[in-house]
Amino acid sequence: MPTKLTPLKDSSQTFGYCGLEGVGVLVGLGLTERQARVYLSLLKTGCAKARVVAGLAGVPRQEAYVLLLELQRLGLARQNLTFPASYSATPFVEGVRLLLERKTQELTNLTLKANQLTSNPAQTQPPCRPNCA
């Protein structure tokens, strides 16, 4: 007998090691809220069609396809060779590691740019005009 799936927006829904607070953590690591909900829903199902993931995540089915593609590009999901298409999630620990690496690289690049700007203050100050008050 199939299990009844409940939407992720139900605050009592948990994912074992990762409850709904996981959405906030994943958003902090760079995902949108909807990407995070789809990823957690996919983790819960293990392998599912977009329709099932959309229902659990509380997003429209058409949007679920777009979000699943974005998660694939981030390395957090993969499309299985089935018809109709089904999807699987990258394990949670690996997914968080990928997102942390990405965020670390972003911060490193931003730090380098900020250091370049502050090392040469003449570049950041506008030229002096005599008519300025």
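This is a predicted model: local features need pLDDT of at least 70, side-chain atom pairs count only at pLDDT 80 or more; totals for chains, interfaces and linings use all residues.
Me: Let's start with the overview. What makes up the secondary structure of the protein chain?
Reply: Six helices and three strands. Read along the sequence, they come in the pattern α-α-β-α-α-β-β-α-α. Of the chain's 133 residues, 32% count as buried. As for contacts between residues at least 6 apart in sequence, 51% of them join residues at least 24 apart.

Me: Why is Asn 80 called buried?
Reply: Its relative accessibility is 15%, and buried means under 20%, so Asn 80 counts as buried. Asn 80 sits in strand β2, residues 77-80.

Me: And what is Asn 80 in contact with, leaving aside its neighbours within four places in sequence?
Reply: Cys 47, Ser 86, Tyr 87 and Ser 88.

Me: Then why is Glu 94 called partly exposed?
Reply: Glu 94 has a relative accessible area of 30%. Buried would need under 20% and exposed over 50%, so Glu 94 lands in between and is partly exposed. Glu 94 belongs to helix α5. Leu 76 is 18 residues away from Glu 94 in sequence, and their C-alpha atoms are 8.4 Å apart in space.

Me: How do you know that the buried residues of α1 line one face of the helix?
Reply: The buried residues in α1 are Gly 22, Val 23 and Leu 26. Looking down the axis of α1, the buried residues stay within an arc of 105°, so they line one face. What covers them includes α2 and α5 (92-119). Just after α1 comes Gly 30, with a positive phi of about 115°.

Me: How does α2 pack with α3?
Reply: α2 and helix α3 (residues 50-57) meet at an angle of about 115°, and their axes are 8 Å apart. α2 passes α3 in a right-handed crossing. On the α2 side, the contact uses Arg 37, Val 38, Ser 41, Leu 42 and Thr 45. α3 contributes Val 52, Val 53, Leu 56 and Ala 57.

Me: What classes of residue are in the contact of α2 with α3?
Reply: Six nonpolar, two polar and one charged. Val, Leu and Ala count as nonpolar and Arg as charged.

Me: One last thing: which residues does the cis peptide bond join?
Reply: Phe 83 and Pro 84, with omega at about -5°. Pro 84 lies in the loop between β2 and β3 (86-89).

How values were computed: Residues are numbered from 1 along each chain as its sequence is written. Side-chain values use heavy atoms; hydrogens and water are left out. Helices (H or I, at least four residues) and strands (E, at least two) are DSSP runs, numbered from the N terminus. Buried means under 20% relative accessible area, exposed over 50%, partly exposed in between (1.4 Å probe, protein chains only). Contact means heavy atoms within 4.5 Å. The arc is that of the directions from the helix axis to the C-beta atoms. Axes are lines fitted to C-alpha atoms, for helices over the stretch in contact, and angles run from 0 to 180 degrees between N-to-C directions. A crossing is left-handed if the near helix is turned anticlockwise from the far one by less than a right angle, and right-handed if clockwise.
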